[in-house]
Protein chains: 2
Amino acid sequence: MRTLAQDIAKNIGGEITIKGWLHKKRLLGGLNFISLRDRSGLVQILVEKGEEVEKLRGLQIGTILSVQGNVIEDDRAPGGAELHDPTITVMVEVTDEPPIEIDKPISHKSEHLDTLFDNRPISLRNIHEQAIFKTKDIVCQITRNYFKEHNFTEIHTPKLLAEATEGGAETFTLDYFGKQATLAQSAQFYKQMMVGVFERVFEIGSTYRAEPSATTRHMSEFITIDCEMGFINFDELQNRLGDLIITIVNESWEQCEPHFKSWNVTKAQLPDSAEDIPRITIDEIHEMYFKATKTDYRGEDDTHPEEERWICEWTKKNKGSDAVFVTGWSAKNKTFKFYHKADTANPDFAERADLLFRGVEIVTLSMRQHEYKKLVSQLSAMGGNPDAAGYAAYLSAFKYGMPPHGGFGLGLERLVEKLFKLNNVKEASLFPRDINRLAP
Amino acid sequence: MRTLAQDIAKNIGGEITIKGWLHKKRLLGGLNFISLRDRSGLVQILVEKGEEVEKLRGLQIGTILSVQGNVIEDDRAPGGAELHDPTITVMVEVTDEPPIEIDKPISHKSEHLDTLFDNRPISLRNIHEQAIFKTKDIVCQITRNYFKEHNFTEIHTPKLLAEATEGGAETFTLDYFGKQATLAQSAQFYKQMMVGVFERVFEIGSTYRAEPSATTRHMSEFITIDCEMGFINFDELQNRLGDLIITIVNESWEQCEPHFKSWNVTKAQLPDSAEDIPRITIDEIHEMYFKATKTDYRGEDDTHPEEERWICEWTKKNKGSDAVFVTGWSAKNKTFKFYHKADTANPDFAERADLLFRGVEIVTLSMRQHEYKKLVSQLSAMGGNPDAAGYAAYLSAFKYGMPPHGGFGLGLERLVEKLFKLNNVKEASLFPRDINRLAP
């Protein structure tokens, strides 16, 4: 029988066997101890017998051990107990010293990220590093539970597509049995088609962008939390997203507080109700930013990254919210996509909002044009060909009846990055991909 | 306030509003009724007033309606109630007749599959068709819950890889910023590396195979349920998989019985305990099949599809199990991959098992070679170059300590196909991909 590190305090006074990786070794002569790592955490082991100390001398960090010992209460030890008088058995030998130290936090300074990523299989053995990904796992769980509670159906949409119907410049192309295929830049068309079937759908899946430059905000492969729902209006859609974000922040904090604390991050501040998340127009942000900094972006179509950081700080300070909806998107410029919907009461504006969180855009949300004829004419007006094969199935969903609907795509890594206040989205990816990195 | 179809019986005697798609229309003069579809199912609506009947005349199937009416108990109606005396409002007009009928089951005969798939956005509006995908959604949920209950961490591994380190012939390649990249044929290396970090990991993600032929068993893009766990032996690994399959079959039947019954399928028969799932060697199967049919595959490395069907029928009849483990894989022929592990007590054989379910292989499972030096020598012996960049990170995980481990990959669509006793794996994919199909 094997006991996990997290359960040793339940066995105080007893003899147990634990199995795992030799994580740390301190042979000081008088006081010799090691820590052993398993999937649940660390155990501290006091090694007293001379022959056991001798056994340890030649062992490298990473050696797989089975350790039998007595559990002694000790408030200073992780988990409130440690093992004494161990008998140590080597299960798997390791002869080489690991390329990086794993028993203390690894530097995330931008100049050290390549070392971190190059050594991922080893650097992730660091408990501090794992905190990010154990939380990411929980965030996925919370998100799926949220969608299931609200009657969404989980779908799997194809990532191999015949044509890049959205955008095109940032698309990966490949040979598909002699034809050209592209990798999906989003689940946009497919999730909309599925509104016609299941009304409410979600997917947590891979997304591909051939981002031609290395930035702290972009990867060429990432995970998107996609959602789309029918019979909803713009306001309800924003509240749905706001409610999801509040749920993720609250529940991840409940379940992962020690992980966040190990990174010295505080819980994001959000109102109790999604309706109270501030909604500010692009023009208002330009105006406020100009007044505050004299930098003039007034009249521009989109917000600038420094404005996004600034408005988040302002909103946190003045409205008690780390999140803010940017609204007031024009329906008359290039930010308006053919599948977007203009506000019926105010057709100069799109029913679109971006959600900024801790200084960065993590979600784009919009109502979609659900009326077939208007959709076709918006597509044509923007230079698309409604008769092209790539649009056939998509448009057919509308031709044969689509309700008012909208949805959003939330970048999972960006969200996790911001929950941990990291500086680069790649730090929230197990194996990040960008223009310079395709391995490991 | 909108009431869902599934909730109307809670409102007997009351007046409600429902919203959805016009699903069926019967205007017979004396008895006029329609059904309306929403995400929860169908509602039957008896239309009596002349002006409302007039409104309906021109309406196409698929029209989005809002219907206010009185809920009347009726045991014959779906849900035990129907709407009477409705006021019908058209929310979204539809002018064209849908290309396929959606109010009765659509043919899944092989010659009709193209029609089914070409019209996916519409054909999936069929309730009968939806049953497959609502069950697939539940199967994913059951599977994740199972893994979470057993302490697995969910991971997301990259699908864009530098090299095709496994196989190669069936790999899609693409241009990645001037370099060549491939699409992941499996999460094999990555999930193993993550055993060194989290011990137990799972992923439900996309898998790509450039399958050069169109069969009923293969797709070029599909979803794999991947799992890998450390500190486990071959027998425990088979029991873990068996337990998962038993859990999926039992729980999906509990939650989706009406979906299965709408396809006239019975619940798969499985023993109560995973330990009682039959385990039969390849040689035994060849021998039994020869005795039964006089077709002689004795001495061959692998089982034939007809043997797989035959042994499943035999096992069901004689052992009461729709599932059977095929064991006795040689460690000395091409079925043995470099990362497989031979049985220590009997090195001619691999610690590998395939799980057959209702006549088809749905899982390959194996213990992996976890000792660095042996792994390197197995790789070299099979013509791989341990110094190639593609192996660097993978091998480093072993160099710095990996416990005994094993895992499996379970094809989600094959599993769902078999739960519904479909004839083609593509029927269990929303948007199937094969050599001939890249759209919609």
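Residues are numbered from 1 along each chain as its sequence is written, while chains are lettered from A and ligands numbered from 1 in the order in which they are written. Because the model is predicted, local features need pLDDT of at least 70, side-chain atom pairs count only at pLDDT 80 or more, and totals for chains, interfaces and linings use all residues, with side-chain values based on heavy atoms and with hydrogens and water left out.

**Aromatic rings**

Over all chains the structure holds 42 aromatic pairs, a pair being rings of Phe, Tyr or Trp (its six-membered ring) with centres within 6.5 Å, called stacked if the planes are under 30 degrees apart, edge-to-face if over 60 and tilted for the rest. Select Phe231(A) and Trp21(B): the ring centres are 5.7 Å apart and the planes lie at 85 degrees, so this pair is edge-to-face. The pair crosses between chains, since Phe231(A) is in the loop between strand E11 (221–230) and helix H6 (234–262) of chain A, and Trp21(B) is in strand E1 (residues 15–27) of chain B; helices (H or I, at least four residues) and strands (E, at least two) are DSSP runs numbered from the N terminus. Phe231(A) is buried at a relative accessible area of 15%, and Trp21(B) is buried at 1%, where buried means under 20% relative accessible area, exposed over 50% and partly exposed in between (1.4 Å probe, protein chains only).

Next select Tyr394(A) and Phe398(A), whose ring centres are 5.0 Å apart with planes at 65 degrees, so that this pair is also edge-to-face. Both residues lie in helix H10 (residues 389–399) of chain A, four residues apart or about one turn of the helix, and both are buried.

**A buried glutamine**

Go now to Gln130(A) in helix H4 (residues 127–149) of chain A, which counts as buried at 4% relative accessibility. A polar atom of the Gln130(A) side chain lies 3.2 Å from the backbone oxygen of Leu124(A). Leaving aside residues up to four places away in sequence, Gln130(A) touches Arg37(A), Leu124(A), Arg125(A), Val197(B) and Phe198(B), contact meaning heavy atoms within 4.5 Å.

**Backbone features**

Select Ala439(A) and Pro440(A), where the joining peptide bond is cis with omega near -5 degrees; Pro440(A) is in the segment after helix H11 (412–419) of chain A. In chain B, the bond from Ala439(B) to Pro440(B) is cis as well, with omega near -5 degrees.

Then move to Asn264(A), which has a positive phi of about 55 degrees although it is not a glycine, and which lies in the loop between H6 and strand E12 (279–281) of chain A. Asn264(A) is exposed, with a relative accessible area of 71%. Asn151(B), likewise not a glycine, has a positive phi near 75 degrees and sits in the loop between helix H4 (127–149) and strand E6 (153–154) of chain B, where Asn151(B) is partly exposed at 32% relative accessible area.

**The largest cavity**

Finish by selecting Ile204(A), Gly205(A), Ser206(A), Ile204(B) and Gly205(B), which lie nearest the centre of the largest cavity among its 19 lining residues. A cavity is a set of points, on a 1 Å grid over the protein atoms alone, where a 1.4 Å probe fits but cannot get out, and lining residues have an atom within 4 Å of a point. Strand E10 (200–208) of chain A and strand E10 (200–208) of chain B each supply at least two residues of this lining.

Terms used
Polar contact = N/O pair within 3.5 Å; in protein donor to acceptor, adjacent residues only side chain to side chain. 1 Å grid on protein atoms, 1.4 Å probe; cavity = no way out; pocket = protein on both sides within 12 Å on 5 of 7 lines; lining within 4 Å.
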